[in-house]
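Welcome! Open your viewer, get the selection tool ready, and follow along stop by stop.

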Amino acid sequence: MTTEPIALRKLPYDHVALVLQGGGALGSYQAGVFEGLAEAAILPSWVAGISIGAINSALIAGNAPERRVERLREFWQTVCTPAFGAPSAEWLQTTAEQVGGPLRLAFNAMEASRAMLEGQHGFFVPRLTPPWWPHRPFGEMSWYDVSPLKSTLERLVDFDRINAGEMRVTVSAVNVRTGNFERFDNTRGAWKGRLRAEHFMASGALPPGFPAVEIDGESYWDGGLVSNTPLAEVLAETPRLDTLAFQVDLWSAQGPLPANLYDIEERQKDIRFSSRTRAVTDMLAREQKLRSLLRGVLAKVPPEAREGCEWCEEAAAEACDRKLNIVQLIYRDKEWDGLSKDYEFGPLTMREHWASGLDDVRRTLAHADWLNPPTPKAAVVTHDVHRDNGAGASRRHRR
């Protein structure tokens, strides 16, 4: 167990943000990414998550820096165990890993079936009666009971630490009654200093599997129903400050043409939950370019002409020359992944997802220059080690 304080790496940004997308069992990839960042002494000042990304956010922000990886590992090792019965035998896991091919696909299908029938230890269990059982309260209308997750979070997460605001935390959910996107933030707004396990569970309450979570008289569902990534929220924050954002996605918008109906279902799920990260990035880059141009134009307006001009005042409020560096880490499907990849919690798969995240972030950080702020001629720069058929590339968005 590591107990020595971590010496943080100084980076030339006002914010270092870790942005975590939703994706169920794929979330151990995010844990691997965080281990790689901690290994490089890069610790975020702000973590924002949705769904499983919100759960990982709680585990990160709710523990001392030297214990965060340990707590993430404890969580994932807990929830990859079936709620009832023993995990698959080690010899079977080893055989499936070594043989691969159809055997691995069958093994993963078995693990996913166990998750559906048995639930996962410390996470969710099947309800004894179906959701349509008469007189059932709205908060129990789901296939699974997630009260074990509440106990797990309260055991592994120090919510007083989160609410103290050492690290900014933002997780999002959807108000069932209004349909509005709700941000639960430990340092801003109505929820400042008031976050507890329910806020993080609400962000991952995907119906009809999981029930809505009631908080202060309102019911909330998974934030991924509106947007599965909080990147736009982080970069739209005011005041507009120089930001390095590690965007960790669990679904890839790019993929092969499906070969059968099962592949079609998987592909549509990828597209639906990917939230078009690169499209969002391009939109934000164009917006920042326009803000920079606006600032340059305003600099040409004489001070006496700007005084008392409402248009100039509004333009000044929108103009800025901040620098954005977005480092994208996007999970890439393995040949044995399939339609059930977001609810296949087997220990073998969990370890492989984690290792993929760790490998991807190590390869990314090997490009030391990728952590540098954009040059004066660029408003936004993005990096992705998988871009261009895996060769790795960066994109600079010129003013």
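This model has 29 salt bridges, a salt bridge being a side-chain nitrogen of Lys or Arg within 4 Å of a carboxyl oxygen of Asp or Glu. Side chains of opposite charge can pair when their charged atoms come close. The model is predicted, so local features need pLDDT of at least 70 and side-chain atom pairs pLDDT 80 or more, while totals for chains, interfaces and linings use all residues. Residues are numbered from 1 along each chain as its sequence is written, and side-chain values use heavy atoms, leaving out hydrogens and water.

**First stop.** Select R177 and E218, whose side chains form a salt bridge (2.7 Å, N to O). R177 sits in the loop between β5 (168-175) and β6, and E218 in strand β8 (residues 218-222), so the pair ties together parts 41 residues apart in sequence. Strands here are DSSP runs of E, at least two residues, and helices are runs of H or I, at least four, numbered from the N terminus. R177 is exposed, at 61% relative accessible area; exposed means over 50%, buried under 20%, and partly exposed in between (1.4 Å probe, protein chains only).

**Second stop.** Now pick D270 and R267, joined by a salt bridge (3.6 Å, N to O). Both belong to helix α10 (residues 261-274), three residues apart, or about one helical turn. D270 is buried at 5% relative accessibility, and R267 is buried at 13%.

**Last stop.** Select D185 in strand β6 (residues 181-185). Is D185 buried or exposed? With 2% relative accessibility, D185 is buried. D185 also belongs to a network of salt bridges with R168, R183, R188, E233 and E237.
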